[in-house]
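Student: I have a model open and want a quick tour. Can you take me through it piece by piece?

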Amino acid sequence: FPSVNMSPFNLTGSTPATFILTGIPGMEQLHVWISIPFCSMYLAALLGNVVLLFTIWTEHSLHQPMYLFLSMLAIADLMLSTTAVPKMLALFWFRAGEISFGACLTQMFFLHFTCSAESMILLVMALDRFVAICFPLRYGVVLTPSAVAKTRLAALLRSFCIIFPCIFLLRRLPFCGHNVIPHTYCEHIGIARLACADISVNIWYGLMVPFTVVMLDLVLIAVSYGFILLALSRLLSRSARHKAFHTCSSHVCVLFLFYIPAVFTALTQRFGRNIPPTVHILLANLYVLFPPLLNPIVYGVRTQQIRDKVVKVFVCPKSHLLR
């Protein structure tokens, strides 16, 4: 690995010129082997989400709020994995662990920004199902193209306002020559712990603000599904009830894939002192790989409209073009 002392520092205690990412602690000799499944999952995630986006974009029948929100989720998944995995693979393959201070903050910002945006997208998808099932006659009036565009803008603005202060909280800290991050990518608390100053503000902001926002999203999602279940129990048609359950189950699967690893990773980063660093870093790596990999599979396999359109676009392209 590169020498820790190779990077110049301002010895007054200000920010380092570069950080050194060391990878997965205790598994440095296995990095090349670990990179094989990680690279395979990343490429599969890229392929799945690109296919999903291309299908939704080319099929006008999928230009509906539900699928537009799904395309927003696919873009967020691509951002999440692409922000972390290429640098991770460079570290595993070429021992390219050095990253500039600015690049580290940029990676940190986009990782947390994307997670926050994805949480709001999942909330909006739950509200979409709530309106579709509980108020079907008003669906087209409530979820207009303008409403979808405003939702996209709101997700971006909320995530920016939540995560951008983290940059200032990190830039104010002195690091006193400490620049080795025992991780495969840069994240807020991991950077803050290198500082030679009190980081209680970073810890509380990094925990309370995003956690509060995520918990609010989860509460609203739970309330939405409570009303959805109540509405489904009143449906007389068994086929209509089964169809609604099938549609909602895909979204519930995606919710579990996103929130359970996210909450576990956040809590172990701040409170899991008894959890080995190897376990924490491995789970953090899987968090940026599993949701982007499995989300398009869940929706592609469980949603008949998407499955049929993917077959139409990629298996029968001539009939699609001559349509």
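Tutor: Start with strand β1, residues 18-21. Keep in mind that this is a predicted model.

Student: Which residues of β1 sit on each side, and are they buried or exposed?

Tutor: T18 and I20 point to one side, F19 and L21 to the other. These four are all buried, so both faces of the strand are covered; buried here means under 20% relative accessible area.

Student: What does β1 pair with, and in which sense?

Tutor: β2, residues 98-100, pairs with β1 in the antiparallel sense, over three bridges. T18 stands opposite S100 there. β3, residues 180-181, pairs with β1 in the parallel sense, over two bridges. In that pairing, L21 stands opposite I181.

Student: What is the phi of R95, and of C176?

Tutor: Phi of R95 is near 55°. C176 has a positive phi of about 55°. Most residues other than glycine have a negative phi.

Student: Is C176 buried, partly exposed or exposed?

Tutor: Partly exposed, because its relative accessible area is 43%.

Student: New topic. Where does UniProt put the transmembrane regions?

Tutor: The unreviewed entry lists residues 32-54, 66-86, 120-141, 153-170, 213-232, 244-267 and 279-299.

Student: How much helix is there in 120-141, and how much in 153-170?

Tutor: Residues 120-141 are 82% helix and 0% strand. The end C-alpha atoms of that stretch are 21 Å apart. Residues 153-170 are 100% helix and 0% strand. Their end C-alpha atoms are 26 Å apart.

Student: On to charges. How many salt bridges does the structure hold?

Tutor: Three. One joins the side chains of E59 and K309, at 3.7 Å from N to O. E59 lies in the loop between α1 and α2, and K309 in helix α11, so this pair ties together parts that are 250 residues apart in sequence.

Student: Is E59 buried or exposed?

Tutor: E59 is buried, because its relative accessible area is 2%.

Student: Which others are there?

Tutor: D217 and R158 meet in a salt bridge at 2.9 Å, N to O. This pair links distant parts of the chain: D217 is in helix α7 (residues 200-233) and R158 in helix α5, 59 residues apart. At 1% relative accessibility, D217 counts as buried.

Student: And what sits at 2.8 Å?

Tutor: The side chains of D128 and R129, again N to O. D128 is buried, with a relative accessible area of 2%. R129 is buried too, with 11%.

Student: Where is F54, and why does it count as partly exposed?

Tutor: F54 is in helix α1. Its relative accessibility is 35%, so it counts as partly exposed. The helix holding K309 is α11 as well, and α11 gives three residues to the patch.

Notes:
Residues numbered from 1 in each chain as written. Predicted model: local features only at pLDDT ≥ 70, side-chain atom pairs only at ≥ 80, totals over all residues. Heavy atoms only, no water. UniProt positions renumbered as here; feature names shortened; annotations may be inferred. Buried < 20%, exposed > 50% of the residue type's maximum accessible area, 1.4 Å probe, protein only. Pairing = 2+ DSSP bridges. Salt bridge = Lys/Arg side-chain N within 4 Å of Asp/Glu carboxyl O.
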